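Dear colleague,

Please find below the sequence and the structure that I am handing over to you. My findings follow directly after them.

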Amino acid sequence: MTVLAMSAVLAIGQEEEEEDLDLSLSLWDKSITLRGALGYKDNVLLSSAHPEGSAFWQTALDVTVFRLSLDGGVNFTYFLTAEDRRYFSSDEIEKEQLLLTQAKLEKPIGDDWVASATLQYLYADQVYDASATELILETLPVKSHNVQFSPGITRNLPWNSALELKFTLERQYFNEPLDDYWEYGPQLAFTKKYGNRSEASLSYTFDQREYDQRREVDLDFFAVEGTSLAYEQHEFEFDLNHSWDEERRWRSRLRFVFELNDDNATGFYDYNRYRLSKRFGYYAENWQATVEGKILHYDYDRQPVFEGTGIRSTWEYVLAGHVHKRIWKQMNIFADTEYDIAESNYALEEYTVWTLMGGIDWEF
């Protein structure tokens, strides 16, 4: 990263009188990375019956800008990431796009408190699996817009720990046939820092989701007229980022999430969701390599298998690898691969997809 500015505003004196010194110090910094990559995906539509493969070209941009106040003022962080993927030979889908941008303000209050406010926007034009919370048991191309606002307050505690409380208000827009919704609720998170810049956190989140037009569904897959669908979601998360040596060359991340979803009707959408992921990596001065595994499981309480017997249950397994090597100044080459398996007791939900991608990025 390159330092853009460090400034000090000095006192302006008059010959007849001397004014107090007005000191305002801040540190601005930025990082911009542009990437281009050639890849191949063997199941573009995540289809169970007719997988279609295609080569693609992906362009991506990452931007980070922050202002660090040196005199107890407001700290500012801005982040943007954008991806555009163009498929060469797919008959069903031409492109996938993703844009995520976030701005955050933080203000210390005394020695132990920090107030914050975060505004985030996400645009996605991608193949999406909506079957977990929709009566659409297949993947489909979806365009969506998501806006979130999250004010929060953090209390710094002894022994390098902190407790944060925030409230998130979220608005989600989809194109048809999916329905828009509001979602809101608080999150309480405890964080502990230790040894070699390692960190462990434990959090609880409650969300209330209210759909604009969706109806409640009975256990025979029929919408109940005159009703409005809503969810209550409870999520517990444990996150451990561990550095195994002083130089932080060997690092790992363990994440476990348990979510309980309750609908306001027959329990058709009631489920327990379990997510477990583990990443392990080596980070040298000029290169890095990581490998990551993920397991996702939906265990429904009452939802029957469509046109079958038994209660719905799904599993997803992901194995991914990444290698990154600096070749000249701020220029790097990289390679990514990911293999994803979706299993279910409803055959049309099952699919496999393998993606391979390699390219170059430039940081400036």
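The lining of the second largest pocket in this predicted model consists of eight nonpolar residues, one polar residue and seven charged residues. Of these 16 lining residues, Glu134, Pro177, Leu178, Asp179 and Arg214 lie nearest the centre of the pocket. The volume of this pocket is about 260 Å³.

The peptide bond leading from Glu176 to Pro177 is cis, and its omega is near 15°. By contrast, most peptide bonds are trans.

Leu178 also belongs to the largest nonpolar core, which has 14 residues; Leu178 and Tyr269 are those with the most contacts inside that core. Apart from this core lies another, of twelve residues, including Val44, Tyr87, Ile93 and Phe334. In soluble globular proteins, nonpolar side chains tend to be buried together.

With its neighbours within four places in sequence left aside, Tyr269 is in contact with Glu134 and Arg214, among others; Ala132, Leu135, Val217, Leu229 and Tyr231 are also among its partners.

Two residues stand out for their backbone angles. Most residues other than glycine have a negative phi. Leu46, however, has a positive phi, near 55°, and sits in the loop between strand S2 (26-41) and strand S3 (54-69). Lys329 likewise has a positive phi, near 50°, and is placed in the loop between strand S17 (311-328) and strand S18 (331-344). Are these two residues buried or exposed? Leu46 counts as buried because its relative accessibility is 14%, under the 20% cut-off. Lys329 is exposed, because its relative accessible area of 60% is over 50%.

Trp362 is located in strand S19 (residues 351-363). With a relative accessibility of 29%, Trp362 counts as partly exposed. Not counting residues up to four places away in sequence, Trp362 touches Ile32, Thr33, Leu34, Trp328, Gln330 and Met331.

Of its 364 residues, 39% count as buried. The accessible surface comes to about 20,600 Å², and carbon and sulfur atoms account for 57% of that surface.

With kind regards

Key: Residues numbered from 1 in each chain as written. Predicted model: local features only at pLDDT ≥ 70, side-chain atom pairs only at ≥ 80, totals over all residues. Heavy atoms only, no water. 1 Å grid on protein atoms, 1.4 Å probe; cavity = no way out; pocket = protein on both sides within 12 Å on 5 of 7 lines; lining within 4 Å. Points joined across faces, edges and corners; volume = space filled by probe spheres on them. Nonpolar A, V, L, I, M, F, W, Y, C, P; charged D, E, K, R; others polar. Core = buried A, V, L, I, M, F, W, Y, C linked by side-chain atoms within 4.5 Å. Buried < 20%, exposed > 50% of the residue type's maximum accessible area, 1.4 Å probe, protein only. Contact = heavy atoms within 4.5 Å. Helix = DSSP H or I, 4+ residues; strand = E, 2+ residues; numbered from the N terminus. Areas by Shrake-Rupley, 256 points an atom, 1.4 Å probe, with all protein chains shown as cover.
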